[in-house]
Amino acid sequence: MPAAPKAAMPRTSAKKVKKNMPAAPKAAADVDLDAATVLAATQALLAYQERSSSSNASGKATLPGLTDDADVHLVITLDRPPPSPSSRPRIITVPHPILTASDANDGEGAAVLLLVKDDAAKDLVRAVLDAAGPDHRVMSQVRKVLTLDSLRTKHQRFANKRELAAEYDVVLVDVRILPMAGKALGRAAMTRGLKPIPLRIRGNGAGLPVLIKRALAGTYLTVPAGTCATLQVGTVRMGAE
């Protein structure tokens with residue numbers, strides 16, 4: 001018997017397939033960002049903050065949060081959700097560091113809490129801090145060194161965790177305990193935006209001042225699951241430029 005004829009497959013032209021494909025997202029270099037517009041917006045924000053401070057001093061109502069040490073954030077809207085969201089902060093180097101003590105922030109750097117794995121790592125870090133001395137511009141920002149066990153036992157209650165979160169601006173965490181640090185810090189730290197920043201502490205403590213300086217020299221971005229991301233780009237006390 002003759003073989004049954006094969007059903008004809010519909011043919012689709014390459015042009016039609018290419019036309020129906022979603023457009024490729026723009027590369028970072030293709031995104032237009034007008035420096036003059038950004039400067040004008042920053043100047044307007046700082047001018048509003050100054051007016052708000054004056055109104056607040058005279059007893060008039062003003063928007064909350066625009067104090068002399070208020071943070072300035074950049075909100076980024078994406079065309080589509082990122083394919084690989086991550087809660088791990090990614091460092092972005094900025095020309096004027098926000099966390100490091102500098103003339104731009106009146107010489108006041110962020111108060112740093114350093115979480116380490118165990119007592120041996122704590123002794124190692126304390127030895128490096130003592131060797132650097134209290135006048136070291138970066139290492140002096142490390143106000144407290146805690147082990148993970150101490151955090152879990154001495155700051156077990158929510159009130160203790162809230163006090164800890166209010167006392168520090170940055171939490172640096174030994175990369176070996178990073179997965180456990182978020183839960184140990186608790187909701188109070190997450191609400192205040194104190195996301196654990198990973199720090200790789202070597203066995204002999206070599207290069208620790210450089211690592212801490214590098215960690216404080218930028219701002220941090222977490223890749224969101226949605227289409228909106230935010231990161232700190234400065235403080236009100238810094239100039240518009």
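Mentor: Let's begin with a term we will need: a residue counts as buried under 20% relative accessible area, as exposed over 50%, and as partly exposed in between. Keep in mind that this is a predicted model. Aspartate 169, with a relative accessible area of 40%, is therefore partly exposed.

Trainee: Good, that helps. Which residue does the side chain of aspartate 169 meet in a salt bridge?

Mentor: The general idea is to look for a side-chain nitrogen of Lys or Arg within 4 Å of a carboxyl oxygen of Asp or Glu. Here the partner of aspartate 169 is arginine 192, at 3.5 Å from N to O. The pair links distant parts of the chain, 23 residues apart: aspartate 169 sits in the loop between helix 5 and strand 5, and arginine 192 in the loop between helix 7 and strand 6. Arginine 192 is partly exposed too, at 41%.

Trainee: How many salt bridges does the rule give in total?

Mentor: Two. The other case joins the side chains of aspartate 174 and arginine 176, at 2.6 Å from N to O. Aspartate 174 is buried, with a relative accessible area of 0%, while arginine 176 is partly exposed at 44%.

Trainee: What does helix 8 pack on?

Mentor: On an open sheet of four strands, in the order 4-3-5-6 with parallel pairing. Strands 4 and 6 are the edges, each pairing on one side only. From one strand to the next, the twist averages 30°. Helix 8 touches strand 3, strand 4, strand 5 and strand 6, and its direction makes about 160° with that of strand 6. For a closer look at the pairing, strand 3 (residues 112-116) joins strand 4 over five bridges, with valine 116 opposite threonine 147.

Trainee: And strand 7: how do strand 2 and strand 7 run?

Mentor: Antiparallel, joined by five bridges. Serine 86 stands opposite valine 223 there. In a regular strand the side chains alternate between the two faces of the sheet. As for cover, six of the six residues of strand 7 (218-223) are buried.

Methods. Residues numbered from 1 in each chain as written. Predicted model: local features only at pLDDT ≥ 70, side-chain atom pairs only at ≥ 80, totals over all residues. Heavy atoms only, no water. Buried < 20%, exposed > 50% of the residue type's maximum accessible area, 1.4 Å probe, protein only. Helix = DSSP H or I, 4+ residues; strand = E, 2+ residues; numbered from the N terminus. Pairing = 2+ DSSP bridges. Axes fitted to C-alpha atoms, helices over the stretch in contact; angles between N-to-C directions. Contact = heavy atoms within 4.5 Å.
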